[in-house]
Structures are given as C-alpha cells and as structure tokens.
Amino acid sequence: MPITIYGRHTSYNVQKVLWFADELDLNFAQIEFGSRPNDTESAAFGKLNPMRKVPVLIDADKVIWESNAILRYLARAYGNDQWLPHDPFQASLIERWMDWAQTRFEPAFVGVFWGHYRTPESNRDLSAIEQSLDDCKFCLQKLEDQLADKDYLIDNRLTLADITVAVFLYRLVNIDLNISLPSRVQDWYQRLEQSAGFRQWVMSDFSVLKGRLHY
Ligand SMILES: N[C@@H](CCC(=O)N[C@@H](CS)C(=O)NCC(=O)O)C(=O)O
C-alpha cells in the first residue's frame, strides 16, 4: 500500500516531506489538503492530527504528524545512514540544524513571508518586516559560515539538515524584496536545484498566497 501524504503543495512544511519522499524514491500519494475551511477542521482530520495541521503522513496503520517527525520516521523506516545516521552523535550534527531551522530560521522567515508577502500592503508593519529581514540575513550568514568548507550543510552529501533549511530559500529569493544569497549559500542552492524533488515540490508557484492571510 502506498504511503499517503496529506497537505497542500503550497505549504513549505508539506514540501519538505514531499521532497524527501522523492529523494527516497517512495511510492506515495499526495492528497491536496488544507486551505479549504472544512479540511483541517473536520472531525475525521482531527482524529488524524489533533493539532489540525498539515503535513500528515499515513503509512499502513501508522499516522504521523509534525513535518520533522515525519522526516525522521521516513529516514529511519526507508532511508540509509546518509539522511540520519544511527550513531547518536553523528545524528545530532544533522538534527541540530533541523531544530535550528524550525526554532530560529523559520520565525525570521515567517516574519518576512507572512509580514510582507501574505499581508496586504495596507496592513503591513514595515518596522517588524525590517527586523525580520535583518534576522533572515543573520541566519543566511550562519549558513554561509557553515558552508565554508563543504558542499552541503553536513559534509558533502545531502541530508535532512539541508532539506529542512532549504525550503525557505526559494521563497525568500522569489518574493519582491530583492533578497540576495551570500555566495556559498547561492552555490549550495544551485546544487539543491539539481535535485528533481527540490525542483518539483519546492520550486513551485506560491503566488496564490500573496496578500492572503487565511490559509
Ligand atoms: N510545526 C508544524 C507546523 C504545521 C503547520 O503550521 N502547517 C500549516 C501549513 S504550513 C497548516 O496546516 N495550515 C493549515 C492549512 O493549511 O489549512 C509542522 O512542522 O508540521
């Protein structure tokens, strides 16, 4: 039975999972889900994910929610050591970037993406956006430092660290703010563009979200 991934393709949290499923060459079906009022609020969906958010992944009798938990599950169930090593210390080198992406980079990104792109122009808080932009630049510089001596965030191979961080970049450089990537980050981004999963799922049109504050 194929794996089912619930989530709208315009959600970067869903995109991470779809990209990784593609890297693992999994047999999966994506159900476009979310955005419509009755999707995540339905009683049936509440039983799958009490948080009422996408992505949700169903693998036979197993239901998994929270995008990074899904990525870890897929890596352990279907991946090899490349994505998330069994060795606890080696795994921590990757997992700290996954956590950093969610707790540090994501809020900065959201401040720009929601604050600027998703908020109608007349409602924007320009000083808050400016602060989030500075914060994004700070995060990009941390990535630039990390990439000083390697092709990917961890050594010279694609891992869950890259996937969880990189979903923000396509949007950052494709909103009308002329955000430029530091040079090593730019080279890394071009390397990621060679991945079919990144191109198909992450580099996809998100203009439906412009000026739209509801999901
Ligand atoms: N921390 C959660 C966040 C999930 C989340 O906020 N998902 C949003 C989309 S990015 C959502 O479900 N929004 C409701 C909707 O799209 O209908 C995760 O990583 O899975």
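In which sense, parallel or antiparallel, do strand 3 and strand 4 (residues 62–65) pair, and over how many bridges? Strand 3 and strand 4 pair in the antiparallel sense, over four bridges.

The model is predicted, so that local features need pLDDT of at least 70 and side-chain atom pairs count only at pLDDT 80 or more, while totals for chains, interfaces and linings use all residues. Residues are numbered from 1 along each chain as its sequence is written, and side-chain values use heavy atoms, with hydrogens and water left out.

**View 1. Strand 3 and its two partners.**
Helices (H or I, at least four residues) and strands (E, at least two) are DSSP runs numbered from the N terminus, and two strands pair if DSSP finds at least two bridges between them. Strand 1 (residues 3–6) runs antiparallel to strand 3 and is joined to it by three bridges. Val56 of strand 3 stands opposite Tyr6, and its bridge partner in strand 4 is Trp65. In a regular strand the side chains alternate between the two faces of the sheet. From strand 3 (residues 56–59), Val56 and Ile58 point one way and Leu57 and Asp59 the other way, and all are buried (buried means under 20% relative accessible area, exposed over 50%, and partly exposed in between, with a 1.4 Å probe and protein chains only).

**View 2**
Most residues other than glycine have a negative phi, and most peptide bonds are trans. Ala60 lies in the loop between strand 3 and strand 4, a hairpin with two residues between the strands, and has a positive phi near 55°; with a relative accessible area of 43%, Ala60 is partly exposed. Asp25, in the loop between helix 1 and strand 2 (28–31), also has a positive phi, near 60°, and is exposed at a relative accessible area of 69%. In the loop between helix 3 (43–48) and strand 3 lies Pro55, which a cis peptide bond with omega of about 10° joins to Val54.

**View 3. The largest pocket.**
The largest pocket has a volume of about 570 Å³, and of its 28 lining residues the closest to its centre are Arg8, Asn13, Lys53, Val54 and Tyr215. On a 1 Å grid over the protein atoms alone, a pocket is an open set of points where a 1.4 Å probe fits, with protein on both sides within 12 Å along at least five of seven lines, and lining residues have an atom within 4 Å of a point. A volume is the space filled by probe spheres set on the points, which are joined across faces, edges and corners. Helix 1 (12–23), helix 2 (37–41) and helix 5 (88–118) each supply at least two lining residues, and the largest share, six residues, comes from helix 5.

**View 4. Salt bridges.**
The structure holds eleven salt bridges, each a side-chain nitrogen of Lys or Arg within 4 Å of a carboxyl oxygen of Asp or Glu. One of them links Arg36 with Asp39, the closest N and O atoms being 3.1 Å apart; Arg36 is partly exposed at 46% relative accessibility, whereas Asp39 is buried at 11%. In another, between Asp61 and Lys62, the closest N and O atoms are 3.8 Å apart, with Asp61 exposed at 68% and Lys62 partly exposed at 37%.
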